[in-house]
Amino acid sequence: MDGLAMGGYGAYVWSCFGLTLLIIVFSEWRARIRHKRVYRDIEVRLKALEERE
Amino acid sequence: MWTWFHKLASPPHFYRTAALLSPWFAVPGLALIAWGTWQGLFVVPMDYQQGDAFRIIYVHVPSAYLSLMAYMIMATGGAIGLIWRMKLSHAVAAAAAPIGAAFTFLALATGSIWGRPMWGTWWEWGDPRMMSELILLFLYFGYMALRAAIDDTAKADKASAVLAIVGVVNVVIVHFSVEWWSSLHQGQTVFKRGTMDADMKTALLIMILGFTLLFGSMLLRRIRTEVLYRERRTRWVRDMILSPKGGG
Amino acid sequence: MTHKLSADNLTLIRGERCLFQGLSFAQESGGLLLLEGRNGCGKTSLMRAIAGMLSLETGQVFWDDKPVEKQRQEFHGALVWLAHRTGLKGDLTLVENLSFESALRAQSSIDVESVYERLGISRLKKLILRSLSAGQQRRVALARMLLADVPLWFMDEPFTNLDREGRALVIELVEEHLAKGGMCVMAAHQDVELEAPVNRVTIQ
Amino acid sequence: MNATDRQVPGMLSGLLATAKRDLLLAWKRPGDVLNPLFFFAMVCTLFPLAVGPSAEQLEFSGPGVLWVAALLSTLLSLNSLFLSDFEDGSLDQLLVSPQPLPVLVLGKTLAHWLTSGVPLVIVSPVLAITYRMPMDVVGVMMLTLLLGTISLSLLGSIGAALTVGLHRGTALLSLLILPLAMPIMILGANAVSLAASNDVYTTGIWALGAYAIASISLAPYATAAALRISNE
């Protein structure tokens, strides 16, 4: 446990690494959602067009 | 060389290639980050002045480095798009902005967390690098706000490219003026240079490399989305989406 | 001296819509290039693109067989732009407005007073533009066009806000300009009958 | 009819004609010039009310407050730099003018500086004295404002050109311009502070001068490019 406490600085160090992970995961998640939405919007529009034809 | 370049720059080709390429950046990137984190957190000895708090640099420095690199990519992409009217290059610029802003925020947040035990305050106005980073974050916000405010994509591309180029010149001036300002007010410097031993340096370089590769993968994925959105009216997108296999 | 305005394979996309594709034309001095089509079909956009205010998706515009982007200043020195929004300052007087325009352009030998006389605006010289009627403001814009004394006229819907007399005057001015070897590009939603040759470009 | 043979007047006359027209317009609408000045005075009034009237505090914060107020008031006037030209079609005329667009833009910015920056410089001593600034420091402050507002007008013209014709452009303009303008304020305000504490302040003045020269030679091109894009 001493290794994790880091001489009293553990909370700071771990929160930094945790935050980094969080931000990167969040950014990737947003990117994925946006991709899906763009893809689905195009799909819906194309399907609607096809049905009309 | 040029034919290869033109082929890569063609949207359908890029769209497919980027999907294949992205894991080739992400996997080695994550592996390097994992190794660097393990080294940085547990193996490398602690700094004799800062104690274990110095281990924060293993995420702070790569973030700060990427925040600048993303801005450079954004501005270069915009400039190439303006001069040679290359659409893919505008898509790169648009994709780089949110990632760059995320890393800028990360650099600020980790710097601030480091500051708490070291300076005894969450935020030190006198530190020139933190100030430059903060202004950089504002530049990112301005860039993204301008993009969001213009409905027409082609117009938004060009207008934001002009802003990014002006911003690059500004980043340099901000750096020097803030440095001068901080010297007047006896600002403190974070992370003094030259006090790191070889192991510390190696681990940091590994982390920077890993972050850069991960950034490359994130960028590729976002460019794909941009390309798909920009090409939504084209034949190849139609064929791809309506084909039974789909494109993903 | 005769001039030539030509375009090759113009394509313009605005937002979601493709306004025109693969459009080409060639116009020599002494003729009118009439851009026709419904309201909002892209006539104005085409004209703005020809004048260099919109960037085209594909294609090039040539002035005297040289691409206009290679000689922007020369091309702009040869044209004058008349549109729905007149580009005149409501807070300035007629004379102040027109003298600003003439300060930017090459000296002309045209007699200013006779132009005012002809357009029926001599009495309005000291008045600020805001106090004039829409039709009078159009006439001031026409005066600016005549005083510019350049070969190429761009006219976007030149008949709006004008009475019957005013329309006849515009036709007369265009005829005169073409007879002297000038050239005119006009966007109008109604047909224009002229003695001079009319070259029609229709946008769907 | 030989327009191409006739000589288009030189760039200087284009610059001066544009500047003259805008000055004339400002003369006919004095509110556009006065409102930012009142705003400047009011921001300077807010600070003592907020932080207290003690002489020591005012002396200490005077240079900073005056510079922040000058920055904000310049920002306020920038919004309308190209707006009326965009609305009444004058911008189209400028874009197809035989004169190079950067020159006309420089003319417009010159007029903007003469109607926003210079009045600020003239009014600032009055407010500086209420902040108990010594006379020799007031001189330094006027010099920094004079140089700094040149760059502010030019940088601001880029932002104004990028946001012209956009809905809700005002807030966006501030977001774009403030980070760009920060170095100017840092240089200006700190040079005044140094002068107030009898230190060497010339570095700041030289830097402001260099900044002004650089923005005179570069910013008009960026503004012209931005105007062409915004007016598409």
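Modeller: What follows starts with the conventions, goes through the sheet and its helices, and ends with the other chains.

This is a predicted model, in which local features need pLDDT of at least 70 and side-chain atom pairs count only at pLDDT 80 or more, while totals for chains, interfaces and linings use all residues. Residues are numbered from 1 along each chain as its sequence is written, and chains are lettered from A and ligands numbered from 1 in the order in which they are written. The model scores ipTM 0.89 and pTM 0.90.

The sheet belongs to chain C, where five strands form an open sheet in the order S6-S7-S8-S3-S9 with parallel pairing; strands here are DSSP runs of E with at least two residues, helices are runs of H or I with at least four residues, and both are numbered from the N terminus. Two strands pair if DSSP finds at least two bridges between them. The edge strands of this sheet are S6 and S9 (198-202) of chain C, each of which pairs on one side only. From one strand to the next the twist averages 15 degrees, where axes are lines fitted to C-alpha atoms, for helices over the stretch in contact, and angles run from 0 to 180 degrees between N-to-C directions.

S7(C) then pairs with S8(C) in the parallel sense over five bridges, and here C:Met155 has C:Met186 in S8(C) as its bridge partner. Further along, S3 (residues 32-36) and S8 (residues 183-187) of chain C run parallel and are joined by four bridges; in that pairing C:Leu35 has C:Ala187 in S8(C) as its partner.

Helix H6 of chain C lies across S3, S7 and S8 of that chain, and runs at about 145 degrees to S8(C).

Helix H5 (residues 134-148) of chain C has 15 residues and reaches 21 Å from its first C-alpha to its last, close to the 21 Å expected at 1.5 Å a residue, the expected span being 1.5 Å times one less than the number of residues. Because 12 of its 15 residues are buried, H5(C) is largely enclosed by the rest of the structure. The buried residues include the stretch from C:Gln137 and C:Arg138 through to C:Leu147 and C:Ala148, with C:Arg139 and C:Arg144 among them. What covers them includes strands S6 (79-82) and S7 (152-156) together with helices H3 (94-104), H4 (112-119) and H6 (164-179) of chain C. After the helix comes C:Asp149, whose phi is positive, near 55 degrees.

Helix H1 (residues 43-51) of chain C is also mostly covered, with eight of its nine residues buried; among them are C:Lys43, C:Ser45, C:Leu46 and C:Arg48. It is followed by C:Gly52, whose phi is positive, near 95 degrees.

Turning to the chains, four pairs touch, and the most contacts among them are between chains C and D, two residues being in contact if their C-beta atoms, placed from the backbone, lie within 7 Å. The contact takes 29 residues from chain D and 34 residues from chain C. On the side of chain D that touches chain C, the elements giving two or more residues are helix H1 (11-28) and helix H5 (90-95) of chain D, and H1(D) provides the largest share, seven residues. Chain A, in turn, does not touch chain C, and their nearest C-alpha atoms are 13 Å apart; nor does any contact join chain A and chain D, whose closest C-alpha atoms lie 23 Å apart.

Chain A has two helices and zero strands, and 15% of its 53 residues count as buried. Chain B has eight helices and zero strands, and 46% of its 248 residues count as buried.

Conventions:
A residue is buried if 20 or more other C-beta atoms lie within 10 Å of its own, exposed if 12 or fewer, and partly exposed in between; C-beta atoms are placed from the backbone.
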